[in-house]
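Reader: Please take me through this structure and say what each term rests on.

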Amino acid sequence: MNKELRRVSAFVLVLFLALFSSSTIVQFFQSNSLKEDPRNVRTLYASFSTERGPILAGDQQVAYSTPVDDDFQYLRVYPDGPLYSAATGYFTLDQGATGVESELNSLLSGTSDSQFLDRVTSILTGQEPKGAAVELSIDPVVQQAAWDALGDYQGAVLAIEPATGRILALVSKPTFDPNALAVHDSAAVIDLYDQLLADPGQPLINRTIQGDLNPPGSTFKLVVASAALESGKYTPDSAFPNPAQLQLPQSTAVIQNSGGGTCGPGATVTIATALRLSCNIPFAELGLELGFRAISEQAKKYGFGDDSFEIPMPVAPSVYPAVQSDAELMLSAFGQGNDRVTPLQMAMVSAAIANGGLQMRPGVVDKVTAPDLSALRTFSPAEYGRPISAATAATMTQLMVANVANGAASNARIGGIDVAGKTGTAENGPGEPYTLWFTGFAPADSPQVAVAVVIEDGGGLGQEGYGNLLAAPIGKQVMEAVIDR
Amino acid sequence: MASPTPSSATETAPAPPAPRAPLTETIRVRLRAPARRRNTELGLLLFALALAGGALALVQLGALGHLAGTMMLLSGLLGLFAIAIHVALRVVAPDADPFVLPIAVLLNGLGIAEITRIDIAEGLVGWDAAGVRQIAWSAIALAGALAVLLVIRNHRVLLRYRYLAMLAAIVLLLLPFAPLIGKEVNGATIWIQVGPLSFQPGELAKIALAIFFAGYLMTARDSLSMVSVKVLGLRLPRPRDLGPILVIWALSMLVLIGQRDLGTSLLYFGLFLVMLYVATGRLSWVLLGVVLFGGGAFAASRVLPYVENRFAGWLDAFNPEYYDAFGGSYQLVQGLFGLADGGLIGTGLGRGHPGIVPLAESDFIVASLGEELGMVGLFAILALYLLFVSRGFRIGFTGQDDFGRLLAVGLSFVVALQVFIVVGGVTRVIPLTGLTTPFLAAGGSSLVANWVIVAILLRVSDSVRAQPRWVVEEGRS
């Protein structure tokens, strides 16, 4: 009987080991994924019952929690709500969150793994646990300048520090006031949310990194020119035929340069001139010679197609899609066809050129600090890639400086400083308003800032507006704000 | 598990007493040991009461912000009941195991604390509060245990009533089908209601079954274990010996199909199989039983929608289809969320949100405790159960009469299996079934039944200790 009893004892032990294991799996290994399930309201309660950490830009609190007398104990307050909304996002009671509020939620609410010891300490000392503070890389002065410069246009502005990838300004318009979504009244929040969702201006979309992406227009010529120089087969002085009109192969479509005439005088035109005057026909010819693969690979090196890219908000991948014909290839070479980009992608192209070909990983967060001011996480500059050589970068810089100094991007000029830039005026189809672009950096010899500006809906001018008219002055003001600070 | 002690008298002839031990020494040990055992129990009991009282105070401070005088007073009175049992043991069972009572008291007290916590979350007070009723039921259960200890002075008496026990078990199982008093709750027909009191007779039936199995197997073990037929190299029981296993199987299937109670069905059949194996040592019986039950359960899962739902909600709990379904996996998933929220160290008593889970005070009390005490607390609770079970098995190892040994093993195994079925269901090891967690969960029937088990284990353990035998003496030193 004892032998059987020993076996039964072992069996009971196995049963209990199964229970020990299952509770370890649920409470330790799966704990985080279960907490993140949207159906788990405990996470919501937790995020409200502890004092959520602030979000800072420079020395300003752009989001913080203040005690209130209701079930949720703390109300989220955004002193300059709309101004920083592209970075902070919103934080609602039970309708989710976006932006940094969402991406760094576990740190802000104090529930991340790295804050485990702090939670134990607060249990032992009886102190209320607090979330960590998130320090943004956003510079309030630059942010304000970008906000003011964009005015009432529908579009986005983005400024990056080329040497580090730190994002200095992140503006998307039209936008929303996160304060109105932070109130502890679910019905009112849902109501407002539905209104925002139905708004044709799509205020909930962060146009710097998301949304219905825009065709890059002539700013894409930076990518094609880079591909040409990197191939080693071309120099800025490589020449192409210079007709005023060009019929695309196996197609009835005819393309023109933006002025309607030839690209400067002469039977041929160099890449340098074509870029400076932003001519379409020479780039269509260059694109056809380079071929799809060379352009596509160069685009990919600059970051196109990266679908796992986060700043820490997820960034929609910019696309340079496969072409079906030579005609499509030629259109795609000057930023038309099916090319679609985010402003962040275009700023990254400029930033890579500005930084001697070394492209830094962009991000909007500098540091996360615990309530005791110890750093929980530091975002140090990291290399994203090397899309072009230092020599190509230097040549591209010269071409872009010429573009501003005596070319198509003249409205980006800043007195006493060399500015590198490229404008774009992208078509969206017959009769549709244009998308207006500017991207560039300054000062050209020691770049402090790279910018990208996009204005959608033609800036209200339909097909009358163009990049240099509306977008370039905005880029100029943002770059000035960085240089003057 | 209990450390193996030398084989008992039934299998090995007892060794003669060590000749060099002076007689006086032996007597001294024998006379002093019981008092030491009870003193150990008193110390542990006071510790258990302090822990349980502390837990009750903490849930009130954590969730209410202040202490509720009535609850503290009522549970204090309950503590005196527990001490009364201890005092009674000094007189009627001085050699009883010193760990069983403190463990049961601690689990019962933790249960009351957590049930009170859920009451606070749901704003229940007075007689509506499950915690208050749990204290009343605990008092009844403790009185019941005391009565069992006082009335049954020798557990062998129970052997005489084995067939009466069988009859009692069947009547108890059938009671919920009786007109007027039978009642269906959440689809399961396992309740009876008389006036304001409702009761699950199936909980008491498991004790009656254990008594019957122990008595029957003790008398029938030889015919069951010696004679067999060989089929395909397997030694199987003779067809005519198959009777009892088929009867118990039919009974389990009746519970499964008639009462729609998968957990209880599994519990009864598991209890029978283990006792059968311990009595006969024939693994073929166990295999046969597993095949029978597995086949029956599988067939039932095909035919009965409730069993099928339980399986689907278990395997694919997070699928919205089952999550949102009526009677789907919502409760299970919310329980898992609670456990996950507790994490390693828990939210602290009174600081979590266990009230979100349906039936947080009864079927899901383990998830509630796991949320507020964390993995650490859940481990401690599981360890308490394991210790409790091992004390029961210890009687099985060291006892002299086969009836007592089988009974103790059966009763402690039924507790172990019930904990496994409940906690395993909550933590998704097995499909969720509607069983109560012994001592912890809100519910009078379960409390009374488990405290009667405590009383019987104490009684049987006393008879083991009280035998002046060499083997036992060595086990003690």
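Author: In this predicted model local features need pLDDT of at least 70 and side-chain atom pairs count only at pLDDT 80 or more, while totals for chains, interfaces and linings use all residues. Residues are numbered from 1 along each chain as its sequence is written, with chains lettered from A and ligands numbered from 1 in the order in which they are written.

Reader: How many residues of chain B are in contact with chain A, and what makes a contact?

Author: Two residues are in contact if their C-beta atoms, placed from the backbone, lie within 7 Å. By that rule 46 residues of chain B are in contact with 32 residues of chain A. On the side of chain B that touches chain A, α14(B) gives the most, with 11 residues. Helices here are DSSP runs of H or I with at least four residues, strands are runs of E with at least two, and both are numbered from the N terminus.

Reader: Which strands form the open sheet of chain A, and what makes two strands a pair?

Author: Two strands pair if DSSP finds at least two bridges between them. The order is β3-β2-β1-β4-β12-β13 in chain A, with mixed pairing. Strands β3 (74-77) and β13 (375-378) of chain A are called edge strands because each pairs on one side only.

Reader: How do you know that β2(A) and β3(A) pair?

Author: 4 bridges join them, and they run antiparallel; the definition asks for at least two, so they pair. Within this pair, Tyr64(A) stands opposite Val77(A) in β3(A).

Reader: What makes a nonpolar core, and which residues touch the most other members of the largest one?

Author: A nonpolar core is a set of buried Ala, Val, Leu, Ile, Met, Phe, Trp, Tyr and Cys residues joined through C-beta atoms within 7 Å. Buried means that 20 or more other C-beta atoms lie within 10 Å of the residue's own; exposed means 12 or fewer, and partly exposed is in between. The largest core has 151 residues, of which Leu271(B) and Met275(B) touch the most other members. α15(B) gives the most to this core, with 17 residues. Beyond its neighbours within four places in sequence, Met275(B) is in contact with residues including Phe213(B), Leu217(B) and Leu406(B).
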